[in-house]
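Hi,

Here is the structure I promised to pass on. Have a look at it first, and my notes follow below.

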Amino acid sequence: NSFANPNAQGTEVCVFPGSHVGRELGGCIQRQIVDSLGTVDRGLKDRDGLYVLRATDMPAVLVETAFISNGEDAAKLRDQADEFARAIARGVTDYICSL
């Protein structure tokens, strides 16, 4: 993620509005990243204009792990890429195990 204000930081997961399954999956991923890496929890964001979310027949989310425009977040992205990937994988596993 990136923003003109360098103070913006944290993790957010974009979901298609009205997608209950996408919201559940996104919530699992969001929790794992925030809990594991200590990022600011910016929550789930409804995004109906994103093609990758609306043009699919399966659950879809877009994970914005951290802000490259924020020094602290950029350091986490640079130094903890594997931890971000593992947190996303655990979130997917949490979702699947909840079915």
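How many bridges join β1 to strand β2, and which way do the two run? Four bridges join them, and the strands run parallel. For the numbering, β2 covers residues 41-46, while β1 is 11-15. Strands here are DSSP runs of E with at least two residues, helices are runs of H or I with at least four, and both are numbered from the N terminus. Two strands pair if DSSP finds at least two bridges between them.

Before going on, a caveat: this is a predicted model, where local features need pLDDT of at least 70, side-chain atom pairs count only at pLDDT 80 or more, and totals for chains, interfaces and linings use all residues. Residues are numbered from 1 along each chain as its sequence is written, and side-chain values use heavy atoms, with hydrogens and water left out.

Back to the strands: V15 has D46 in β2 as its bridge partner.

T39 is buried, at 6% relative accessible area (buried means under 20%, exposed over 50%, partly exposed in between, with a 1.4 Å probe and protein chains only). Leaving out residues up to four places away in sequence, T39 touches G10, T11, I33, V34, T65, K76 and F84 (contact means heavy atoms within 4.5 Å).

Last one: F3 sits in the segment before β1, and its C-alpha atom is 31 Å from that of D57.

Cheers
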